[in-house]
Amino acid sequence: MVDRPILRFPDPTISERRKGSPRTPPRPQGPGRGRQGQRFQATFDGLSEALESNQPELVLREDPSGIAPERALVFVTAGSVQGFARAAQAVGLDIFAEFELDELDDFPDGFRPAGESETLSRTLYATMPTLDSFRRILALWNAHQAGRRAPRNATPWWDVFDLLLELRPWGPEDRIGQSARQIIEDRLPFDEEEEVPLELEIWPAASLERRTGWARETEQRINDLGGRVIDRSSIAEAGFTYEALLAGLPVSAVRDMLDDPGNVRGLAMLEGVQLILPQMIGQAAPGDVDSDVGDSVPEGEFPVDAPIRAALFDGVPAAGHQALDGGVVIEDIHDLVRLSEVDQRFHATAMASLILRGDLEADGAALQDTRLVSVPLLIDGPDGARTPTDRLFVDLVHVALMRLIGGEQALAEDVFVVNFSIGTPDMRFASRISALARLMDWWAARYGVLIVVSAGNIGDRLEIPGITSVQFEDLDANQQRARVSQAIRNATFDRTLLAPAESLNSVCVGAISQDLNGQVPANQAGVMFLEDEGDSKPQMTSALGLGPFRSIKPDVLEVGGRLEVRAFPNGNDTSLRPLEVSNRTGLVAASPRGGVTATQKSRGTSSATAMTTRAILQSAEALTSEDGPYAGQELPRQSLALLTRALVVNAARWPDDARALYDEEIVRLGSRQHSRAKAEVCRNFGYGVTTANMMVESPDAGVTMVAHGTIRKDHARIFRMPLPESMSGGRVPRSMRATLAWFSPVNPTRAQYRLAGLEAVVADGIDAEEDKGWGLDLKTDGPDANMIKHGTVWSRRLVHRIQTVPGFGANAEIPICVQCRDTASGGLNPDDDIAFALAVTLQVEAEVQYDIFNEVEQKLRLRLRQG
């Protein structure tokens, strides 16, 4: 029971989306038909000659580096071409991949960037042609060059020809990207007898026959090079296709591939292979936790009949520990328990402990409405916990989810949230969404499951250039922290999210450097903190955003244990390293070593993620409790997932440290660069540090309301929030947070990956005027209003601390209009129901003589009595 429960919105009214005035963004310009003809006519002439021969396919395939049927064909255009996917399909051309490339500052003569930009944006389309599609493309090119108008529905082809930068086969440089090449090189063993594991992703064709044929050719090439296929995966679901081989290759074969990727007998020239990647390794490093620091007798027991609502994907927890006993069920789907050393099960034991009981010293109370199912994906050993070397990680996760909640014989059908505190070393996000993140997005959209992912712990050091370690230690605390901030800023793109943290439909969690037990460690020689006690700053090792399409990632930050660091000399520079072993700081959790009451200290984004999962489970319990907004109801998985996802972001707020960073960025970037400054804050803090109490009850001097439902493309739902009459005309500071969460369908082959975008405005119907002050003359605060539109959480922060509240009557309401738009130029099916949840918090930020919670609650009760 809580004193100020979260309230429920009345049922909404149905409306249509307010479309406003269409805006045409500036587009790049090409050099003109004649110049394009000079650049590409020779290619099309060669194609024409081949097609007129007696054996066109044989002629085209004679040149292994030329365009040919069933060989991926790449179009690179300036900007993007709206409608090209449909136009390509009309001529029998499948588009398997579409993504934005880095912008060019040195581009061909005649091209002009969009608007005032000085760089040229580019989009790559990877297609799979046939002889028939070649004939149709050639006919369209000839018509374009003749100056004729585009045939019906073929206008996108004219745009492609006008903006074409490259027309070429998918080649070795596409299959092995620069970052993948670097990781493969770094992992090459010295021993020539060892094998090198590589993942080969096959083109995601809809046809099983085509994928199987490409996989067969790839396996033959692997065998020819002296390698072997270690594992294979074939996932073909509506909306997600993944075909891959895990190959073990001789060191010499891999070196040859890197030295001469264009060798026609090498892996990098295999036509059925889309990508060659280093093996994705899931890992929980031993430095995340420290053992043998004490004992703790837990409070309370877990109800034996509590449903299993949460899953832990990790190593193997010590389920017999007193803090976990009765609360954890292990499902050994992948037969890994027997491979995990019992006294090395630190990470999963800590994660399970933090989920089920929180910090054992600061909290320790057992969750009463849920138990936890643990599915081991990692093998615990002396060097930490790692995924098995003979399995594809994507397949491990997919099989685990399918067995848990996806099939008719689901092992834990009540699970609505999955904790994924697993890092993938080296797999940093760099614009292309990983297969694992795409899989998670698909699972969220298809099955309505919420996956909580750690942002990742980046690196074991931070380099501070231009100052020796002795000089650095002589600086005062503020000077040291300024140097650290500058070093992190300079290394931003080397400290990005670790896969699968870029998943759009998941909750991505970063860590703040803070403990919960209230103990302040004594000063220790050579050991320093990068924050003062009570500060809310990200840990030095917490990975940075942003996410795909400049979405806000991490979503939130949570307490992850206070980080201690040391300064080490590195020539004339300084290297800062977190202490790998320390029993002075961290979150207190159960330990597998030292007895059934033993504890350990845990730090990092893994711990923060587990604490967030705990808050989500507590929020779910509050939603259906006796005084909750859905008292007595059995909410389905999707509804619980979305309501708690909306609440965890809605409960987040930029702390003073985030606002201080904004001020620093404004000074650095210039007084008018507000959006860029806010983007830097979001890169570090996301939507802010979450407050768990605000996920289970309304705040002091405030009220929180929630709703959930479904919506279709170009439709709207209007939710009405009663206004507390006592605020009318008063001179009182006030704030509001409004958060929408949804699981968007995705199209992994498109640059416009996310199909559905939701937002909220205050307007009472399609023809009503929008109230940009949200009924209370509020102004935007926190993240930039444009940035919040890029993900699958939309969270608006509004505030007014000075002016008088506008006057309103006793029955006044705020009509919050939730509306859905197609963000993929026709990719969203108008018959698709997009599930969503809404959370809104209105708060008075001063002492007043009235309680707006009571007023809103009474108005809701009156409305219910009146029907």
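At 4% relative accessibility, Arg614 counts as buried. In this predicted model, Arg614 forms a salt bridge with Asp363, and the closest N and O atoms of the two residues are 2.9 Å apart. Asp363 is partly exposed, with a relative accessible area of 31%. Arg614 belongs to helix α15, which covers residues 605–623, while Asp363 sits in the loop between α10 (346–357) and β15 (371–376). The two residues are 251 residues apart, and the pair links distant parts of the chain.

**Other salt bridges**

How many salt bridges does the structure hold? The count is 39. One of them joins Glu98 to Arg750. Both Glu98 and Arg750 are buried. Glu98 is part of strand β4 (residues 94–104), and Arg750 is in the loop between β31 (734–742) and β32 (756–762), so this pair ties together parts that are 652 residues apart in sequence.

Another salt bridge is formed by Arg562 and Glu533. Arg562 lies in the loop between β22 (556–559) and β23 (565–570), and Glu533 lies in the loop between β21 (507–512) and β22. The two are 29 residues apart, and this pair too links distant parts of the chain.

| Glu98 | Arg750 | 2.7 Å |

**Cysteines**

A disulfide is a covalent bond between the sulfur atoms of two cysteines. The structure holds 0 disulfides. Why is Cys508 in no disulfide? A disulfide needs two cysteine sulfur atoms within 2.5 Å, and the cysteine sulfur nearest to that of Cys508, which belongs to Cys682, is 13 Å away. Cys508 is buried, with a relative accessible area of 1%.

Cys817 is likewise in no disulfide. Here the nearest cysteine sulfur is that of Cys820, 12 Å away. Because its relative accessibility is 0%, Cys817 counts as buried.

Conventions: Residues are numbered from 1 along each chain as its sequence is written. This is a predicted model: local features need pLDDT of at least 70, side-chain atom pairs count only at pLDDT 80 or more; totals for chains, interfaces and linings use all residues. Side-chain values use heavy atoms; hydrogens and water are left out. Buried means under 20% relative accessible area, exposed over 50%, partly exposed in between (1.4 Å probe, protein chains only). A salt bridge is a side-chain nitrogen of Lys or Arg within 4 Å of a carboxyl oxygen of Asp or Glu. Helices (H or I, at least four residues) and strands (E, at least two) are DSSP runs, numbered from the N terminus.
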